[in-house]
Amino acid sequence: MSTHSQSYVIEIGETQVGLVNRRADERFFTFISASAAFGALEGHRFATPGAAESAARQLAKPRAGHRLRLAS
């Protein structure tokens, strides 16, 4: 049994918003939020780190009447 895992930091610009991790026996990457602003993604599973980054970017898009501020 291998204990190898893969982890990738997810950033928007120069801000770390979370990371994804996948153990050797897992098929998907699990998102771990580094900021409350991205807590909605906490625990979500993604096929690739790029898919997790896309979801974070979508969440970070300002909505009408709302301003999202990323913690630094």
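Contact here means heavy atoms within 4.5 Å.

## Model and overall make-up

This is a predicted model, in which local features need pLDDT of at least 70 and side-chain atom pairs count only at pLDDT 80 or more, while totals for chains, interfaces and linings use all residues. Residues are numbered from 1 along each chain as its sequence is written, and side-chain values use heavy atoms, with hydrogens and water left out.

Of the contacts in the protein with a separation of 6 or more, 20% are between residues 24 or more positions apart. The protein has 1 helix and 4 strands, in the order β-β-β-β-α from the N terminus. Helices (H or I, at least four residues) and strands (E, at least two) are DSSP runs, numbered from the N terminus.

## Surface and burial

Buried residues (under 20% relative accessible area, 1.4 Å probe, protein chains only) make up 24% of the 72 residues. The protein exposes about 5200 Å², of which carbon and sulfur atoms supply 50%. Accessible areas come from the Shrake-Rupley method with a 1.4 Å probe; for residues, only the protein chains shown count as cover.

Strands β1 (residues 5-12) and β2 (residues 15-23) run antiparallel and are joined by 8 bridges. Two strands pair if DSSP finds at least two bridges between them. Ser7 has Asn21 in β2 as its bridge partner. The hairpin has 2 residues between the strands, and Gly13 takes a positive phi near 65 degrees.

## Nonpolar core

A nonpolar core is a set of buried Ala, Val, Leu, Ile, Met, Phe, Trp, Tyr and Cys residues joined through side-chain atoms within 4.5 Å. The largest one has 13 residues, and Ile10, Phe31, Phe38, Leu41 and Ala56 have the most contacts inside it. At least two residues of this core come from each of β1, β2, β3 (29-33) and α1 (49-60). The largest share, 4 residues, is supplied by α1.

Leaving aside residues up to four places away in sequence, Leu41 touches Phe31, Phe46, Ala55, Ala56 and Leu59.

## Helix α1

The 12 residues of α1 should span 16 Å at 1.5 Å a residue, and its end C-alpha atoms are 17 Å apart, which agrees. The expected span is 1.5 Å times one less than the number of residues.

Ala52, Ala55, Ala56 and Ala60 are buried in α1. Seen down the helix axis, the buried residues of α1 fall within an arc of 135 degrees, so they line one face of the helix. The arc is that of the directions from the helix axis to the C-beta atoms. These buried residues of α1 pack against β1, β2, β3 and β4 (45-46).

Definitions and conventions. Buried < 20%, exposed > 50% of the residue type's maximum accessible area, 1.4 Å probe, protein only.
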